[in-house]
Amino acid sequence: MRLILLGAPGSGKGTMAADLVKEYQIPHISTGDIFRLNIKNKTPLGLEADTYIQQGALVPDSVTIAMVADRLAQPDCKTGFLLDGFPRTVEQAEALKVMLSACKCKMDAVVELELSDEEIIGRLTTRRVCSSCGKTYNLDSNRPLQDGICDACGGALYQRDDDKPDTIRQRLANYNRQTMPLSDYYKNQNLLVRINNEGEVGSSLPAVLAALRSRA
Ligand code: AP5
């Protein structure tokens with residue numbers, strides 16, 4: 001299974017991805033997570049990406065495309081993968097098409113998660129992330145058992161720098177301008193599955209799985 005998760009910042013891509021990769025036993029490739037790991041490790045890629053991410057801007061296409069091409073060339077991606085947060089521009093989508101044709105493979109579906117801006121801002125300002133394993137929590141909808149501590153590994157929870165209200169607004173504006181066109185791009189290729197993700201955590205999963213089964 002080869003899937004793309006499309007959706008605005010905070011629409012629930014990472015949360016949904018965790019369930020989908022379990023269901024299909026495929027690697028979860030989150031460009032945001034790869035950038036954050038590089039920022040944490042202070043690599044040259046991380047230092048470059050950090051300046052863009054702090055401002056709520058996209059990392060340049062050339063950098064992101066090379067990073068994803070490298071990841072998709074790994075052996076665990078041979079039979080499938082889930083892309084979370086890539087592509088985010090038409091240029092990235094065109095580059096992905098070239099990567100797929102080189103391995104004579106194709107995407108199975110593009111799942112777009114829909115959510116109002118108001119709900120997005122609420123979810124992102126209350127999101128907390130484990131500094132050790134990256135697991136995501138929410139102070140309203142998905143609290144850890146112990147305040148500030150990850151249930152899975154005991155790591156300290158923190159708020160992402162780009163989850164401050166001004167940066168969230170910038171990310172949403174960039175999403176509407178640079179990434180929204182991908183919705184029509186994939187609709188025209190008959191790959192798009194649109195899912196409303198307003199319900200509580202896990203409630204949209206059955207609809208996503210049913211839509212993917214009906215396409216198989
Ligand atoms: P990235 O990490 O990909 O951020 P994003 O797309 O903005 O998405 P988020 O991680 O903020 O949200 P999400 O949709 O995964 O939501 P989540 O599941 O956490 O990218 C960060 C930055 O890296 C970008 O801004 C850019 O600078 C750069 N970048 C990344 N990819 C790039 C690319 N391809 N090109 C260029 N630059 C790139 O959920 C959010 C919250 O809601 C959580 O607290 C969660 O617990 C909660 N929640 C989830 N589902 C529900 C639900 N159903 N009900 C209630 N609460 C819920």
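Between which strand and which helix does the loop that holds N197 lie? I will come to that in a moment, after a word on the model itself. What you see is a predicted model, in which local features need pLDDT of at least 70 and side-chain atom pairs count only at pLDDT 80 or more, while totals for chains, interfaces and linings use all residues. Residues are numbered from 1 along each chain as its sequence is written, and side-chain values use heavy atoms, with hydrogens and water left out.

N197, then, sits in the loop between strand 8 (192-196) and helix 9 (205-215), where helices (H or I, at least four residues) and strands (E, at least two) are DSSP runs numbered from the N terminus. With a relative accessible area of 7%, N197 is classed as buried; here buried means under 20% relative accessible area, exposed over 50%, and partly exposed in between, with a 1.4 Å probe and protein chains only. Its side chain makes a polar contact of 2.7 Å with the side chain of S204, a polar contact being a pair of N or O atoms within 3.5 Å, where within protein one must be able to donate a hydrogen and the other to accept it, and residues adjacent in sequence count only if both atoms are side-chain atoms.

E94 is partly exposed, at a relative accessible area of 35%, and a polar contact of 2.8 Å joins its side chain to that of Y185.

Let me turn to the ligand. It is surrounded by 34 residues, of which the closest are T15, A57, R88, R127 and R171; a residue counts as near if one of its heavy atoms lies within 4 Å. An oxygen atom of the ligand is 2.6 Å from a polar backbone atom of A57, an oxygen atom is 2.6 Å from an N or O atom in the side chain of R127, and an oxygen atom is 2.9 Å from an N or O atom in the side chain of N138. Taken alone the ligand exposes 1,000 Å², and the protein buries 96% of that, the areas coming from the Shrake-Rupley method with a 1.4 Å probe. Helix 2 (31-40) is among the elements that supply at least two residues of this shell, and with four residues it gives the largest share.

On a 1 Å grid over the protein atoms alone, a cavity is a set of points where a 1.4 Å probe fits but cannot get out, whereas a pocket is an open set with protein on both sides within 12 Å along at least five of seven lines, and lining residues have an atom within 4 Å of a point. Strand 1 (2-7) and helix 7 (165-179) each supply at least two residues of the cavity lining, and strand 1 gives the most, with three. R88, listed above around the ligand, is also one of the residues that line this cavity.

The second largest pocket holds about 200 Å³ of space. Of the 13 residues that line it, the closest to its centre are L72, A73, C77, M99 and C103, and the elements giving two or more residues to that lining are helix 4 (61-72) and helix 5.

Key. Grid points are joined across faces, edges and corners, and a volume is the space filled by probe spheres set on the points.
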